[in-house]
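I opened this entry to keep track of what I looked up. The sequence and the structure come first, and my notes follow.

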Amino acid sequence: MGFDLPLDHLRFWLLGTPDPSAVFDLKRSDQDRAAQLTQDGWSIDYDRYMPSARCAAGALDAEREGVRVRIIIDRWICGRE
């Protein structure tokens, strides 16, 4: 892809939380959810959450050094089926 996607952090970021193994700055929304996260040179903006996934992100934009990645989640499956 021409850049390194931070896969180790992505698991946490998709859940609307910083990776506890690295320094971060987190700004929260009025609903006390992650609004903007900065970690390892990446800036992550959350623009919606999935109502049925207990604060899991529905979409996020991650940007670093001119690279922008948008991830949209259509549906979360929680637990084992």
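Entry 1, terms. I count a residue as buried under 20% relative accessible area, as exposed over 50%, and as partly exposed in between. I will need these cut-offs for the charged residues below.

The model is predicted, so I looked up the pLDDT before anything else. The protein chain averages 83, and 83% of the residues score at least 70. Strand β1, residues 24–28, has the highest confidence, with a mean of 95. The lowest is in strand β4, residues 57–64, where the mean is 87.

I followed β4 to strand β5, residues 67–72, and found six bridges joining the two. The strands run antiparallel. The hairpin of β4 and β5 has two residues between the strands. In this hairpin Glu65 takes a positive phi near 45°.

How many salt bridges does the structure hold? I found five. As background, side chains of opposite charge can pair when their charged atoms come close.

I looked up which arginines meet Asp61. The side chain of Arg70 forms a salt bridge with Asp61 at 2.8 Å, N to O. Arg68 also meets Asp61 in a salt bridge, at 3.1 Å, N to O. Is Asp61 buried or exposed? Asp61 has a relative accessible area of 11%, so it is buried. Arg70 has 38% relative accessibility and therefore counts as partly exposed, because that value lies between the two cut-offs. Arg68 counts as exposed, because its relative accessibility is 55%. I then returned to Asp61 and its burial at 11%. Salt bridges with shared partners join Asp61, Arg68, Arg70 and Asp47 into one network.

Arg28 counts as partly exposed, because its relative accessibility is 47%. Asp32 reaches 54% and so counts as exposed.

Note on methods. Residues are numbered from 1 along each chain as its sequence is written. This is a predicted model: local features need pLDDT of at least 70, side-chain atom pairs count only at pLDDT 80 or more; totals for chains, interfaces and linings use all residues. Side-chain values use heavy atoms; hydrogens and water are left out. pLDDT is the predictor's confidence in each residue, from 0 to 100. Helices (H or I, at least four residues) and strands (E, at least two) are DSSP runs, numbered from the N terminus. A salt bridge is a side-chain nitrogen of Lys or Arg within 4 Å of a carboxyl oxygen of Asp or Glu. Buried means under 20% relative accessible area, exposed over 50%, partly exposed in between (1.4 Å probe, protein chains only). Two strands pair if DSSP finds at least two bridges between them.
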